[in-house]
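Please read these notes with the model open beside you. Each point takes up one topic.

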Amino acid sequence: MVSYLINGISLGSVYAIIALGYTMVYGIAKMLNFAHGDVIMIGGYMAFCSTSYLGWPVIPSVLFSIFVCTILGMLIEKLAYKPLREASSLAVLITAIGVSYFLQNAALLIWSSNPKAFPNMVDLPNLVIGDVQISSVAIVTIIASIIIMIALTFFTSKTKLGKAMRAVSEDKGAAQLMGINVNATISMTFAIGSGLAAIAGVLLCSAYPTLMPTTGAMPGIKAFTAAVFGGIGSIPGAMLGGILLGIIEIFAKAYISTQLSDAIVFAVLIIVLIVKPTGLLGKKMAEKV
Amino acid sequence: MKKLSKKTRAGFINYGIIIVFFIIFQILSATGNLGSSLKGQLIPICSYIIMALSLNLVVGISGELSLGHAGFMSVGAFSGVVAAASLADVVPNNTLRLLIALFVGALIATFAGILIGIPVLRLRGDYLAIVTLAFGEIIKNVLNCLYVGIDKRGLHFSLKDEPSLHLEPGGKTILSGPMGALGITKLSTFFIGIVLILLVLFYIQNFVNSRPGRAVAAIRDNRIAAEACGIPVTKYKLIAFATSAAMAGSAGALYALNYSTVVPKKFDFNTSILVLVFVVLGGIGNLRGSIIAAAVLTVLPELLREFRDYRMLVYAIVLILVMLITNNDKAMSFIRSMVKMAGKKFRKEAV
């Protein structure tokens, strides 16, 4: 029971980190970035290449992976999304799907479809308390996500850039009038989201060590669900949604059915949205007539 | 002769395109000029065209973004397969059995559509999109665990495994969980596919100009104003949603009965997205665009076969570029002026 809970929180922390990327981008650019899941996959491959092929130690290879994904995120935003800033949301959605196809197929060409065994990034002994054994990966994941959440909360509430980010997500026009560089702020949001995706990729692949071009797709969809679950656009909502989703998934797998666990997760989402149509911590929107 | 209105004429042009398409492929296949890979694509093209048309009813005419349309296709596909397999002895005529299977597929998908539509249509915008996505995933997940068998006592269902169906000796398993439906008798024909497209097209084109159709469009354009005019919003949205589900269900049955095996994984999120891409690239709300985009984009990966491993990459780049160009005013006006110039030149030469 306790170990299920820990596993659930650990999986949920990964979802939460991915969901943060979704929710920040949604908040600021009002778009569903479907390519986010594939950035996770690229992050995983980058860490895999730098440790397995180049023989780098763990920390530099994680940093390298974050660096590559950050650049990638900014590049995607610049090339694919920026020209569509005034276009309909459906056009942006389809473009994001195109980017997602592109990343998946590029990975397929570079690394082939054979699953790669992800190296053990967390080389620490498992923690044993009484008769409960907790894997070191789970602990590292939880600690990493707590650090990220604290850092992000501090960033958005205390620093100038973070405040600019919140201002842009609230009202683009007004933010511009206040002298905030809107384009740079959006670009920065993509950079942060993609950097977080790289960390999520490394943590996800440490827990489930098979790496394929489609690795990012399902966690991507689930994290997106988590972001909506918590109220999309809200940063604490993404954290809460992610962790709850992880716990629900692990418990559904353990006590109800392994095969139906995904269906149960999505069913819970639907029930929550029917009761509270803007998610757990979502803002209530007043309707203009 | 009474002059036809512009809308009616556009509708007849659409029927004409489909019939010409049919005749061309019939001639090609009769004279043996049709490649086998393209020949195998004909029925999938038909079902994707129906999928695109039905999704256009939701996305274009009703204005709701649905990301789980493949779920209805899946429901239709597997209920159609079960119907066709269980009636194998009762109805010996293949065409009649196909028609029954298509009807059953549409019927069960309509039920699913109503069941899903009631909670979903209360939500709006991106939340609605994510819930349809979730329903699509749930349908895939449940069908992935569903076992159906038939024996003398009738149909048996189980969500666990094959032995728990408790079939009598001589019974047959129709659906076996993640393996999907095995040993389907191929019933679908190109002709029936074309007839189905014409029916769907006929329905949607007339629906748009009917009282409920206009109500649906009014809700899309301004929900609050429509509500203030006394239009029951949920009812009309549900009509559009369930009709679209029915069409997707028959498309699924048509699709599944063209293959000997079908797995539930076939109808996942990616298939929903694929159909959405047809609708968006064809032009939202534009039926002719949907037909052309569905046909071209189903064949495109086959045509790109020369690029072999690169074909999906090329597909992705084409997709992004088309979206970037069609949403860029400068590029579009450039293309328009080029088309105009080419047209002038062509006309001059013709004179």
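Does Arg220(B) count as buried, exposed or partly exposed, and what is its relative accessibility? Arg220(B) counts as partly exposed, at 36% relative accessibility. Keep in mind that this is a predicted model.

1. **A salt bridge between neighbours.** Start with Arg220(B). Arg220(B) forms a salt bridge with Asp221(B). Their closest N and O atoms are 3.1 Å apart. Asp221(B) counts as exposed, because its relative accessibility is 58% and the cut-off for exposed is over 50%. Arg220(B), at 36%, is partly exposed.

2. **A salt bridge along a helix.** Next comes Arg223(B), which forms a salt bridge with Glu227(B). Here the closest N and O atoms are 3.4 Å apart. Both residues lie in helix 8 of chain B, residues 223-228. They are four residues apart, so about one helical turn separates them. Arg223(B) counts as buried, with 17% relative accessibility. Glu227(B) is partly exposed, with a relative accessible area of 43%.

3. Now move to chain A. Lys222(A) and Asp262(A) form a salt bridge, with 3.1 Å between the closest N and O atoms. Lys222(A) sits in helix 9 of chain A and Asp262(A) in helix 11, so the pair ties together parts that are 40 residues apart in sequence. Lys222(A) and Asp262(A) are both buried. They also belong to a network of salt bridges that links Lys222(A), Glu249(A), Lys253(A) and Asp262(A). Over all chains, a search of the whole structure finds eight salt bridges. In general, side chains of opposite charge can pair when their charged atoms come close.

4. **Aromatic pairs in chain A.** How many aromatic pairs does the structure hold over all chains? The count is 23. Take Tyr4(A) and Tyr255(A). Their ring centres are 5.7 Å apart and their planes meet at 75°, so the pair is edge-to-face. Tyr4(A) lies in helix 1 of chain A (residues 2-29), while Tyr255(A) lies in helix 10 of chain A (residues 235-256). The pair therefore ties together parts that are 251 residues apart in sequence. Tyr4(A) is partly exposed, at a relative accessible area of 32%.

5. **Aromatic pairs in chain B.** Tyr48(B) and Phe278(B) also form an edge-to-face pair. The distance is 5.9 Å centre to centre, with 75° between the planes. Tyr48(B) is in helix 2 of chain B (residues 36-61) and Phe278(B) in helix 10 of chain B (residues 269-282). This pair links distant parts of the chain, 230 residues apart. Tyr48(B) and Phe278(B) are buried.

6. **A charge over a ring.** Lys235(B) lies over the face of Tyr236(B). The distance to the ring centre is 5.1 Å.

7. **The interface.** Chain A gives 44 residues to the contact and chain B gives 40 residues. The buried area between the chains is about 3,700 Å². Carbon and sulfur atoms give 79% of that area. How many salt bridges does the rule find across the interface of chain A and chain B? It finds zero. On the side of chain A that touches chain B, the elements giving two or more residues are helix 3 (58-81), helix 4 (89-111), helix 9 (217-230) and helix 11 (261-275). Helix 4 of chain A gives the most, with 13 residues.

8. **Ser79(B).** This residue is found in helix 3 of chain B, residues 69-86. Ser79(B) is buried, with a relative accessible area of 13%. Its side chain reaches the backbone oxygen of Gly76(B) at 3.4 Å. Leaving aside neighbours within four places in sequence, Ser79(B) is in contact with Val104(B), Gly105(B) and Ile108(B).

9. **Asn14(B).** Look in helix 1 of chain B, residues 6-30, for Asn14(B). Asn14(B) counts as buried, at 5% relative accessibility. Not counting residues up to four places away in sequence, Asn14(B) touches Leu201(B), Gln205(B), Leu287(B) and Arg288(B).

Definitions and conventions:
Residues numbered from 1 in each chain as written. Chains lettered and ligands numbered in written order. Predicted model: local features only at pLDDT ≥ 70, side-chain atom pairs only at ≥ 80, totals over all residues. Heavy atoms only, no water. Phe/Tyr/Trp six-rings, centres within 6.5 Å; stacked < 30°, edge-to-face > 60°. Buried < 20%, exposed > 50% of the residue type's maximum accessible area, 1.4 Å probe, protein only. Lys NZ or Arg CZ within 6 Å of the ring centre and 35° of its normal. Contact = heavy atoms within 4.5 Å. Buried area = accessible area lost by both parts, 1.4 Å probe. Salt bridge = Lys/Arg side-chain N within 4 Å of Asp/Glu carboxyl O. Polar contact = N/O pair within 3.5 Å; in protein donor to acceptor, adjacent residues only side chain to side chain.
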